Amino acid sequence: MAAYQMNGTTVEHDEEGYILELNAWSEELAKVIAEDEKIEMTDEHWEVVNFLRDYYEEYQIAPAVRVLIKQIKKSMGKEKGNNKYLYALFPYGPAKQACKIAGLPKPTGCV
Amino acid sequence: MTTQEELPGASGTKRFLYVNRRAPYGTIYALESLEVVLIGAAFDQDVSLAFFDDGVYQIVKGQDTKGIGMKNFSPTYRALGDYEVTKLYVEKEALEERGLSPDDLMDITYEDEDDDWAEKPSIRIVSRSEMTEIMAAQDVILSF
């Protein structure tokens, strides 16, 4: 099983890079995953990652991308709740890639 | 081409009803049904959910699964509105037969886009005979 390496500890992930043990997540691990995804975390990235973690905490699912965009639009405005802005931050998909960095499962309902 | 006219409904959408009749834990049916609903919601159909028999336990509030070592997925029903699934029909008799009332169910709501995003309840309590009519009006019924 492949794993992320961090300060001498390992955190296992599946074949797509989603961590298996959700409790193993930390902001430090997020940076390691992001580096693996070739993303440099900015405040704007963290805003989306934290939003996803809050959504998961409340509903116990990682939202599909269209649901994520709609909810971000609702809470942060249309300047951020749109495809262009979110795909610029996470080129491989604001739900799929940001969920991976957020230590969540692959989004439910991403077909 | 005139095939457009043969499709059901003006926009070609079908009416899908997901029927939930089993208790939430002990078997995988309830969770599988919920996941299929969330995935299927991407296809822009007219989706409703029905809860009767032990299925009504799926949406009872205050679920605690610590003792059985399973994930409590009941909060996910409250995300259905975000996925534009806004009709959850619950059979009144099934509740009564189990000593439950509508107050024992979770607050599951949606925001009505056509009414300035007003928050509205998704749960609709219906009688057994009303449920029969709802089922008869569907194009597709998936039973879990």
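Reader: Which exposed residues does the face of α2(A) turned away from its buried side carry?

Author: In this predicted model, that face carries A:Asp43, A:Glu57 and A:Glu58.

Reader: Which residues of α2(A) are buried, and how should I read their spacing?

Author: The general idea comes from the helix repeat. An α-helix has 3.6 residues a turn, so residues three or four places apart point the same way. Here the buried residues of α2(A) are A:Val48, A:Val49, A:Leu52 and A:Tyr55. Viewed down the helix axis, they fall within an arc of 120 degrees, so they line one face of α2(A).

Reader: What covers those buried residues?

Author: The cover includes four helices of chain A: α1 (27-36), α3 (65-76), α4 (83-89) and α5 (96-101).

Reader: What does the span of α2(A) tell me?

Author: Compare the end-to-end distance with the one expected from the residue count. Helix α2(A), residues 43-59, has 17 residues and reaches 24 Å from its first C-alpha to its last, close to the 24 Å expected at 1.5 Å a residue.

Reader: Which residues of α3(A) are buried, and what do they pack against?

Author: A:Val65, A:Val67, A:Leu68, A:Ile69 and A:Ile72 are buried in α3(A). The buried residues of this helix pack against α2 and α4 of chain A.

Reader: How many residues does each chain bring to the contact between A and B?

Author: The size of an interface is often given as the accessible area lost when the parts come together. Here there is a residue count instead: 11 residues from chain A and 12 residues from chain B. On the side of chain A that touches chain B, α2 and α3 of chain A each supply at least two residues. By class, that side has six nonpolar, four polar and one charged residues.

Reader: In what order do the strands of the sheet in chain B stand, and how are they paired?

Author: Five strands form an open sheet in the order β6-β3-β2-β1-β7 of chain B, and the pairing is parallel. At the edges stand β6 (123-126) and β7 (140-143) of chain B, each with a single partner strand, so one side of each has no neighbour in the sheet. From one strand to the next, the twist averages 25 degrees.

Reader: Which bridges join β3(B) to β6(B)?

Author: Strand β3 (residues 88-91) of chain B is joined to β6(B) by four bridges, and the two run parallel. One pairing sets B:Glu91 against its bridge partner B:Val126 in β6(B).

Reader: Is B:Met70 buried or exposed?

Author: B:Met70 is exposed, with 12 other C-beta atoms within 10 Å. The residue sits in the loop between β2 and β3 of chain B. Leaving aside neighbours within four places in sequence, B:Met70 is in contact with B:Tyr25 and B:Thr65.

Terms used. Residues are numbered from 1 along each chain as its sequence is written. Chains are lettered from A and ligands numbered from 1 in the order in which they are written. This is a predicted model: local features need pLDDT of at least 70, side-chain atom pairs count only at pLDDT 80 or more; totals for chains, interfaces and linings use all residues. The expected span of a helix is 1.5 Å times one less than its number of residues. A residue is buried if 20 or more other C-beta atoms lie within 10 Å of its own, exposed if 12 or fewer, and partly exposed in between; C-beta atoms are placed from the backbone. The arc is that of the directions from the helix axis to the C-beta atoms. Two residues are in contact if their C-beta atoms, placed from the backbone, lie within 7 Å. Ala, Val, Leu, Ile, Met, Phe, Trp, Tyr, Cys and Pro count as nonpolar, Asp, Glu, Lys and Arg as charged, and the others, Gly among them, as polar. Two strands pair if DSSP finds at least two bridges between them. Axes are lines fitted to C-alpha atoms, for helices over the stretch in contact, and angles run from 0 to 180 degrees between N-to-C directions.
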